[in-house]
Amino acid sequence: MTRPRWRQWPRWRDEVTITAALATLACLLALGGWAWRLDRVVYDLGLTLWRREAPPGIVIVAIDDASVQAIGRWPWRRAVHASLLELLATAKPRAVALDLVLSEPDPDPEQDRLLALALQHAAPVVVPVPWRVGSAEPLQATEPTEALRGTVKLGAAEAPVDADGVLRHAFLHAGPPDAPYPHLALALLQAGGESLHPRAQGEHEANIPSGAARVLPTADGSAAGPIAVPPAKGWQRDGRLLIRYAGPPGTVTQVSY
């Protein structure tokens, strides 16, 4: 009896055909970014389904619409920030993160003097150190002005967003290879007398990926939005850590500036 034509095809050819088809599908998924997208979808879904309580004792003092209406247009005088810090000092916080870029001296030296005095009273205070593209070196740290540098602790300010514009990870350390800064959140944790959990060490030897994006505050403290990252020369990252959000906006207690 003659075998049906469809059964005369050797089995090894079936295996080769299936393997080639799967390999082609894998290449198409990789080239089209679908594997990356699927990974992010699974991660985002996990965050949606998984909830945890926000750490107690954390308060966000936000520069919101109500603050601008009450105080005036941005940027504000540094005496305004000094007043807030003096008020916060009376509450005796364990640590304060002042998320402002203070790399340029104020035209009025009295403003810097008032702010430096308030920083001393509210200590420990952590301020961000973003990086900028310079003429001599491709990447340079933007530290606070000399009048304020001795009164604060420093933390790397970066928001390395994914290609879809979503912030899913952070780097525990970033900066010049010989003297990196701890992440702003890590610096705040350490300033408050805490230490990083042993299981939250992150992935090591992770430098700036080409084509990534970041959010960099401008000199007046406002956000410039995601922009392309230049090659990782003069600035390196280490300790990549996925962010486990506690919940949507509003999960952490917030008050107006």
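**Close-up 1. Glu-194 and Arg-94 meet through their side chains in a salt bridge, with N and O 2.9 Å apart.** In this predicted model, the pair links distant parts of the chain, 100 residues apart, since Glu-194 belongs to the loop between α7 (184–191) and β9 (213–217) and Arg-94 to the loop between α4 and β2. Glu-194 counts as partly exposed at 40% relative accessibility, whereas Arg-94 is exposed, its relative accessible area being 56%. The structure holds 6 salt bridges, and two others are shown in the views that follow.

**Close-up 2. Arg-78 and Asp-112 form a salt bridge in which the closest N and O atoms are 2.6 Å apart.** Arg-78 lies in helix α4 and Asp-112 in helix α5, so this pair ties together parts of the chain that are separated by 34 residues in sequence. Both partners, Arg-78 and Asp-112, are buried. Side chains of opposite charge can pair when their charged atoms come close.

**Close-up 3. Glu-158 has a salt bridge to Arg-237 and a polar contact with Trp-131.** The closest N and O atoms of the salt bridge between Arg-237 and Glu-158 are 3.2 Å apart. This pair, too, links distant parts of the chain, with Arg-237 in strand β11 (residues 236–242) and Glu-158 in the loop between β6 and β7 (169–175), 79 residues apart. The polar contact, which joins the side chains of Trp-131 and Glu-158, has a length of 2.7 Å.

**Close-up 4. The largest nonpolar core has 28 residues, of which Leu-85, Leu-98, Leu-115, Leu-119 and Val-125 touch the most other members.** Two or more residues of this core are given by each of the elements α4 (78–90), α5 (109–121), β3 (125–129) and β6 (153–156), and the largest share, 5 residues, comes from α4. When its neighbours within four places in sequence are left aside, Leu-85 is in contact with Val-96, Leu-98, Leu-115, Ala-118, Leu-119 and Ala-122.

**Close-up 5. Three strands form an open sheet in the order β2-β3-β6, with parallel pairing.** The strands β2 and β6 stand at the edges and have a single partner strand each, so one side of each is left without a neighbour in the sheet. The pairing of β3 with β6 runs in the parallel sense over 4 bridges, and the bridge partner of Val-129 in β6 is Ala-156.

**Close-up 6. Ser-103 lies in the loop between β2 (96–97) and α5.** With a relative accessible area of 18%, Ser-103 is buried, because the buried class covers values under 20%. Not counting residues up to four places away in sequence, Ser-103 touches Thr-142, Glu-143, Pro-144 and Thr-145.

Notes. Residues are numbered from 1 along each chain as its sequence is written. This is a predicted model: local features need pLDDT of at least 70, side-chain atom pairs count only at pLDDT 80 or more; totals for chains, interfaces and linings use all residues. Side-chain values use heavy atoms; hydrogens and water are left out. A nonpolar core is a set of buried Ala, Val, Leu, Ile, Met, Phe, Trp, Tyr and Cys residues joined through side-chain atoms within 4.5 Å. Buried means under 20% relative accessible area, exposed over 50%, partly exposed in between (1.4 Å probe, protein chains only). Contact means heavy atoms within 4.5 Å. A polar contact is a pair of N or O atoms within 3.5 Å; within protein, one must be able to donate a hydrogen and the other to accept it, and residues adjacent in sequence count only if both atoms are side-chain atoms. A salt bridge is a side-chain nitrogen of Lys or Arg within 4 Å of a carboxyl oxygen of Asp or Glu. Two strands pair if DSSP finds at least two bridges between them.
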